[in-house]
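Hi everyone, thanks for having me. Please take a moment to look at the sequence and the model on the screen, and then we'll walk through them together.

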Amino acid sequence: MLPLRPLPSTILFALLLACDARPAAKPEVRVAAPEVVVTPPAAAAPVVASPAAAEAEAAAPVAVDLVGLKAGLLRVHGAAQQARIDRGVDQVAALWRSEDGDLAAFVTEFFIADPAVRGATFARLMAVFEQVEGHTHEIGREVRRASDVDVGPLLSVDPLLAAYDPGARMIEDLFTTRVGFLVLLNFPLTTLAERDEHGASYSRRQWAELRLAGRFGRRVPGEVRQAVTKASAEADRYISQYNLWMHHLVDARGERLFPAGLRLISHWNLRDELKGRYGDPEGLARQRLIITVMERIVTQTIPAAVIDNPRVDWNPVANTVNAAPADSVEADAPARPVTLDGAREDDVRYALLLAQFHAARREDPHVPAAPTAIARSFEIGRELPEARVQALLEQVLRSPLVPRVARVIEGRLGRKLEPVDLWYPGFKASGAPPEAELDVRTRARYPDAEAFARDLPQLLTGLGFAPARARWLAEHIRVDPSRGAGHALQAVRRGDFARLRTRVGAGGMDYKGYNIAVHELGHNVEQVFSLEAVDHTLLAGVPNNAFTEALAFVFQARDLELLGLKRPDAASERERVLNDFWQTWEIAGVALVDVAAWHWMYAHPEASPAELREAVVGIARATWDRYYAPVLGGQGTPLLGIYSHMISYPLYLSDYPLGHLIAFQIEEHLQKSGKLGAEFERMASFGSVTPDVWMTHATGAPVSAEPLLRATGAALAAL
Ligand SMILES: [Zn+2]
């Protein structure tokens, strides 16, 4: 599924997103809606005693008599231009720095009153931006080519090349050359509230103008961007090494419940191991032990010595450590000291989260209309107000369907539910052939990446695209052998090609690789339509990550049919729906905890890591007690704080539940219409407008939790 990560910089606000839930998975780069917003500066940002204070001063607007300046422009251009003059001058002044020169002279020279000249300027900028951004994107793709594509052994120079970001300075350079200021002077930025209120009546040209101006809604100094990147990289490194050696967990009787060699990264592998233990007769004891480990990580009562260290045995319940017997230590054990004092990890997790917060906060004064990381995440990244996302999540969390699904699970397990069942994985499609059998089929059909490339037109007609359209799509996609599991990389200018990167082993493409490749093909097809068939290239793309993932799932869900197997039957479909509902319910609470932790940090900017730990644990417990304890018991568990995204991809988690809701909404519409190819094209070529405008055009209704709830209700009724 989703994770994303801002690239070191780049004009395009390019996002890396991996289709797997593990950030370690192969990144998939796409360009998100580059919409940013600036409102006129009411006053200099308040100066408080904090590291952000210096930034606030640096971002303070230059002292110019804006009233007099506007009056002068008004005399020249007439009252009809008043609103444009007010807005344009304020937009320029918000980001103008003293080194940019004479603000009054600039706006006097470059304000464009003549609609024909303004239209010609818009057309010129759209054409130029497509080329500049498209070619910059290609350079970025090529310096990473050997890192992403299997072109033979990696050279030592390849990671250095991959770290080069040709777009890093683009926005700053466009401000320096004053192109950015000309845009801000003559094209409107809007707030999300304005777009939500008026978006339905904007013309396509108006939308494109907003996206043009949105590119210049923030001007973040290079050193601030670097600080954000550094904090993020440090958190990432910490998370990527946070392993538990499961053989060295012991229970009260000193018994080892897990096999030797099992090394699990928190939280992904721990959660997946827990899920995998449902069929195990001794599974519940193992699952409960995993829950205790997770709770110790969240509360930071985990002994520092046991992290990624098989030389130490740990009883998580009693929280005691002992030296592991020499013959139990794995051969590939990392070199780590054996300390047996049981000293806890000392809030490293929360220190790293705080570091991300302090770095993000330095950006705040440079994005006047979204002056917190929370606002940037919701209003710029997703273009859905936080309150609206929260209401959607709560609609799922409070749904009367939750206890009904819980009763079904209870019936299947034959016991009362408990916290481990937050990750119940037992809703499973039946009747699909075993994976080994599917491997045989996919390997025979796709011995190499070229075979998959040749089959694209047939796959696309199989999905319901007309033959000519399928050929056209295939002509815009290039298939490369991938180093990682697979990813889709879009083109950013017409004439370039979207890339489908797929992993094909020596014996051909296995089923897992095929399943991922079909998902990536969904991304590529969306990318081709939303660039090649959209009416303004400034609108290329879809509203946000949740949408692009939802469209990729449309393809992925049909992978068996494309192999010539029969569609999943109604019973399998019901299981899929219930599984998605349970997962959405699970991750909705996790997402609320993530966002609440950031609100707490903004309210307590001077907090210590220990205070942040207490706060997050408190938030996680309260969220559990409100929504989960009535269903799963476990009053007061801090379990919802375990997701690693909270530390290394903060404020991202809300995209998962949103992704489920959007996928159900799109799928419900496609099933009703019965014309997948034509409808997919109609939806994907609408471009990057706000989510509600996009969804209303796509399905007739704004973004909603109802389709998921309707499908779940229907599945329960049919059980
Ligand atoms: Zn994906």
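Predicted model: local features only at pLDDT ≥ 70, side-chain atom pairs only at ≥ 80, totals over all residues.

Let's look at domain 1 and domain 4. In the contact between them, domain 1 takes part with 18 residues and domain 4 with 15. On the domain 1 side, helix 5 (115-143) and helix 11 (204-214) each bring at least two residues. Helix 5 has the largest share, with ten residues. Sorted by class, that side of domain 1 has eight charged, six nonpolar and four polar residues.

Now find helix 9, residues 179-186. Why is it largely enclosed by the rest of the structure? Because seven of its eight residues are buried; among them are Phe-181, Val-183 and Asn-186. The cover over the buried residues of helix 9 includes helix 5 and helix 11 again, along with helix 3 (82-95), helix 4 (103-110) and helix 8 (170-176).

Last stop: the largest nonpolar core. It has 178 residues, and Val-92, Met-294, Ala-591 and Ile-662 touch the most other members. Helix 26 (residues 570-603) gives the most to this core, 15 residues. Zoom in on Ala-591: beyond its neighbours within four places in sequence, its contacts are Leu-393, Leu-653, Ser-654, Tyr-656 and Pro-657.

Note on methods:
Residues numbered from 1 in each chain as written. Core = buried A, V, L, I, M, F, W, Y, C linked by C-beta atoms within 7 Å. Buried ≥ 20, exposed ≤ 12 C-beta atoms within 10 Å, placed from the backbone. Helix = DSSP H or I, 4+ residues; strand = E, 2+ residues; numbered from the N terminus. Contact = placed C-beta atoms within 7 Å. Nonpolar A, V, L, I, M, F, W, Y, C, P; charged D, E, K, R; others polar.
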